[in-house]
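Hi everyone, thanks for making time.

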Amino acid sequence: MISSIFGKTKPVNFVILLSFIFFLYSIANVFILGRGLEDLNIFEEIVVLAVLLFSVFIMDFIVKRNKLSKNNSYVILFFTLFLMAFPDTLGDSKSILCSFFVLLAVRRILSIKSLKNIKLKIFDASLWILVASLFYDWGILFMALVVFAILIYEPKNLRNWLVILSSSICFILILIGFLSVFNAVDWIWKHYTFQADFETLLTVQLTSSLKIVIFLILNAFLIVWAFVKLGKSGVGRIIMIRLVVLIFALGLLLNLLVVSKDSNSLIIIFFPSAILATNYVQSIKKEKFREILLIACILVPISIFFGRLLIS
């Protein structure tokens, strides 16, 4: 049943999942995170929710354009399930916005494989990553994706490396110009501190950390499986998988560096994790086993979400 719905790309899949994310976002913020109407900026919440919903379309576009999975909707399904399993991520607007701009950068980076307009794509990707760093200073780590892409496709062209510098200068000039209008240039020095709160990291709640540990163990299994099984499917496929794993690793590192009582940026690694999970599920030959696994993947996050809802 699940395979018949999400095993193909259908407009109804977007309607189902986007509607679900809409209600999930509202319920998580009001009932789980306990944010009353007086605590919410309605305009800001509408913008963040719109960005989150649009991110789903960006993910689906990236997957289909770069053939990161077969013709199905499993990636956006798993992304939605991860949101349900970790509802705290929906309360961190910075992580949602940072993740969105990282996705825009990833879209341009993966398209470099066509070897057309490489410099323009490097410029765009670098700029989007710098914009993402406005929300988390450590978001600058994703510039490693641009470096990796250059090393893979055209490392000997010096101008490719200079494009990163030019996009950085362009970003800095625009940012300074914008902040100067509001007489707030000192925001740059306050924001880009590149500090890590390791004390908070070590005092994460046991229930939360246990859930994250299980999630990371499952991803470790999926990464090993991807390199073993998908590594035989051609050089192009191997490069794509390496990029996906690098996105996951950088997102995980960012999580460790920015973790605090007011932030939960786990959403940044949901996209690469969803790709890995999708490739594993669609590789299962036995339809009944795949169906049972999908049902379990849906029931577990639902149980976690409602369990969290009951104790809130």
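Before we start, a word on terms: helices here are DSSP runs of at least four residues, numbered from the N terminus, and a lining residue is one with an atom within 4 Å of a pocket point. Please also keep in mind that this is a predicted model.

Let's begin with the second largest pocket, which has a volume of about 550 Å³. It is lined by 22 residues, and those closest to its centre are Phe 82, Phe 215, Leu 218, Cys 297 and Val 300. Where does the lining come from? Helices H4 (74–85), H11 (206–229), H13 (270–283) and H14 (287–311) each supply at least two residues. H11 gives the largest share, with seven residues.

Now let's turn to Asn 29, which you'll find in helix H2, residues 11–32. Is Asn 29 buried or exposed? Its relative accessible area is 3%, and the cut-off for buried is under 20%, so Asn 29 counts as buried. Who are its partners? Setting aside neighbours within four places in sequence, Asn 29 is in contact with Gly 34, Arg 35, Glu 45, Leu 90 and Gly 91.

My last stop is Cys 170, in helix H8, residues 158–181. With a relative accessible area of 27%, Cys 170 is partly exposed. How far is Cys 170 from Leu 127 in space? The C-alpha to C-alpha distance is 8.4 Å, while in sequence the two are 43 residues apart.

Technical notes. Residues are numbered from 1 along each chain as its sequence is written. This is a predicted model: local features need pLDDT of at least 70, side-chain atom pairs count only at pLDDT 80 or more; totals for chains, interfaces and linings use all residues. Side-chain values use heavy atoms; hydrogens and water are left out. On a 1 Å grid over the protein atoms alone, a cavity is a set of points where a 1.4 Å probe fits but cannot get out, and a pocket is an open set with protein on both sides within 12 Å along at least five of seven lines; lining residues have an atom within 4 Å of a point. Grid points are joined across faces, edges and corners, and a volume is the space filled by probe spheres set on the points. Buried means under 20% relative accessible area, exposed over 50%, partly exposed in between (1.4 Å probe, protein chains only). Contact means heavy atoms within 4.5 Å.
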